[in-house]
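Please keep the sequence and the model in view while reading.

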Amino acid sequence: MTTIKLHNTKTRKREVFTPIDDKNVRMYVCGPTVYDRAHLGNARPVIVFDVLNRLLRHVYGDGHVTYVRNFTDVDDRINETALKRQQAGAVGSLEELIRERSDETIDWYHADMDALGALRPNHEPRATEYIDQMVAMIAQLEADGFAYEKEGHVLFRVRKYADYGTLSGRSVDDMIAGARVEVAPYKEDPMDFVLWKPSTDELPGWDSPWGRGRPGWHIECSAMAYELLGAHFDIHGGGNDLMFPHHENEIAQSCCANGTEAMANVWMHNEMLQVEGKKMSKSLGNFFTVRDLLEQGVPGEVIRFVMLSTHYRKPMDWTEKKREEAEKTLGKWALVTAEEIPSPMDDEFIRLLGEDLNTPGAIALLHSFARQKEFKKLRAGLDFLGLDLASWRAFFDEKDLQYDKYISMDHRSIINTLLGERFLAKKNRDFVKSDHIRDFLTEAGIKLNDNPDGTSDWESTSDFDPAKLEAIK
RNA sequence: GGCGAGUUGGCGGAGUGGUUACGCAGCGGAUUGCAAAUCCGUGUAUAUCGGUUCGAUUCCGAUACUCGCCUCCA
């Protein structure tokens, strides 16, 4: 069986992956808070863990992997949007409008991530559908002394959990010394974090032993992971900005509530995305969503390919240059793999992916397949990485078709006449004339490729300009 | 201030305790009347300083720099 090695944040080492149950490999990845369109950075973990999901399915069997990615639909930004809509005259209760906003955001997310070639996880639980489980978990924590109620809030007692901070390598005392913690009157200790908080009438809330309220940020992942994967599972993933506090808090909640040593065996974190060397932010004006790129005509496969061209644990820079190179490469590969039936997966390809998802290495191997004209292997590798180029071929065809239609018979006749003249000129070694004709056609957006027998093929480019062509008359 | 990740040729980007992938660009060649397209070839770079070692880009330590997190942003 293929050996998969993964870098484990918990140990900071690359370790051989051994499933708890190889008939049911379980992975949880933190999904989006569904308050708005997913930005490009959101796409990185989706694509990275999608490749891991595919690899696990390849190695352990399609039916032996359970992949869970949640939707967090309890969030103040969702509430704000809903409230604004209500004030603007939208019909429905606030709760209905909140649900509506979450629904539409989830639909967008699905559409965008589908376009990136990401397979849907087995389960995509929504936080609002697991409130009971969260309440039960919080109650358990309270009963065991890991949590306490104060002024309608329920807080996790960080000092009670000795291992707190081990994932991210922090100590509670150091963090307090850093003085960046929120001090609140209802906290026993500044590091304690919220499990449950009270809701006002304008905010969504659920009944609980502590009154009407809503869950804190971290508890939903603990509750949903427990429900769908159990108290102890194999892999937990997400962006490295979630390492602290989110994942640290998840571990604390889950291990204390479930009485387990570990929540997940392997913790994986992808590095952040940058744009042209800078952090993507609204203030820098380089903030954009996946949908923005798709609408600009950047194919999802290009986004995916660029993402996979950098190892997931390194910062990845989205640049215009990379976009162009990826488009060129995939364009070539789309053509040569068009009629190919994929071969069985290449061992080396799988071995590379098994080395902590070495996708750049795997792509390098695809280049070598292309160079050696092993197009069946190339096709298989592309398929494995989720780079479906079928739409590319259709796109090319469609584009050609459009140009064909666009170029009228009259224009074709002009081109053919010119080519005829050029053929004769070349035959008579009148290269001044033949070059002149070629320059003229190039200028009009018709590209020539000469054949050894003196004839020429031509194709239109996106610069094709009928007016310039007609100017010959 | 604390924590984490990173620093490889012109650019992008891997692997490796001892002849350093791969892509793009560049250069050279084949081909061509010249181009284009295609094909072939070509690149001793691993931040700095120490240490371990017969030998380090690879292991260890320090320094510098970059990025991120500690502010419900993946």
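A residue is called buried when its relative accessible area is under 20%, exposed when it is over 50%, and partly exposed in between, with a 1.4 Å probe and protein chains only. Helices (H or I, at least four residues) and strands (E, at least two) are DSSP runs, numbered from the N terminus. The structure is a predicted model, in which local features need pLDDT of at least 70 and side-chain atom pairs count only at pLDDT 80 or more, whereas totals for chains, interfaces and linings use all residues. Residues are numbered from 1 along each chain as its sequence is written, chains are lettered from A and ligands numbered from 1 in the order in which they are written, and side-chain values use heavy atoms, with hydrogens and water left out.

**Helix α4**

- The buried residues of helix α4 are Ile131, Met134, Val135, Met137, Ile138 and Leu141.
- Viewed down the axis of α4, these buried residues fall within an arc of 165°, so they line one face of the helix; the arc is that of the directions from the helix axis to the C-beta atoms.
- An α-helix has 3.6 residues a turn, so residues three or four places apart point the same way.
- On the face of α4 turned away from its buried side are the exposed residues Asp132 and Ala143.
- The buried residues of α4 pack against β5, β6, β7, β8, α6 (219-229) and α7 (243-258), where contact means heavy atoms within 4.5 Å.
- Helix α4 (residues 131-143) has 13 residues, which at 1.5 Å a residue should span 18 Å, and its end C-alpha atoms are 18 Å apart, which agrees; the expected span is 1.5 Å times one less than the number of residues.
- Gly145, which follows α4, has a positive phi, near 80°.

**Helix α2**

- The 12 residues of helix α2 (residues 76-87) should span 16 Å at 1.5 Å a residue, in agreement with end C-alpha atoms that are 16 Å apart.
- Ile78, Asn79 and Ala82 are buried in α2.
- The exposed residues Lys84 and Gln87 are carried by the face of α2 turned away from its buried side.
- The packing partner of the buried residues of α2 is α3 (94-115).
- Gly89 follows α2 and has a positive phi, near 105°.

**The antiparallel sheet**

- Four strands form an open sheet in the order β5-β6-β7-β8, with antiparallel pairing; two strands pair if DSSP finds at least two bridges between them.
- The edge strands β5 (147-150) and β8 (213-215) each pair on one side only.
- Neighbouring strands of this sheet are turned by 20° against each other on average, direction ignored; axes are lines fitted to C-alpha atoms, for helices over the stretch in contact, and angles run from 0 to 180 degrees between N-to-C directions.
- Three bridges join strand β6 (residues 153-156) to strand β7 (residues 193-198) in the antiparallel sense.
- Val154 stands opposite Trp196 in β7.

**The parallel sheet**

- Another open sheet of four strands has the order β4-β3-β9-β10 and parallel pairing.
- Its edges are β4 (65-69) and β10 (264-270), each with a single partner strand, so one side of each is left without a neighbour in the sheet.
- Strand β9 (residues 233-239) runs parallel to β10 and is joined to it by six bridges.
- Opposite His236 stands Trp267 in β10.
- Helix α7 lies across β9 and β10 and runs at about 160° to β9.

**Backbone features**

- Phe244 and Pro245 are joined by a cis peptide bond, with omega about 0°, and Pro245 is found in helix α7.
- Glu151 is not a glycine, yet its phi is positive, about 50°.
- Glu151 is in the loop between β5 and β6 and is exposed, with a relative accessible area of 56%.
- Leu357 also is not a glycine and has a positive phi of about 55°.
- Leu357 is in the loop between α11 (347-354) and α12 (359-371) and counts as buried, at 2% relative accessibility.
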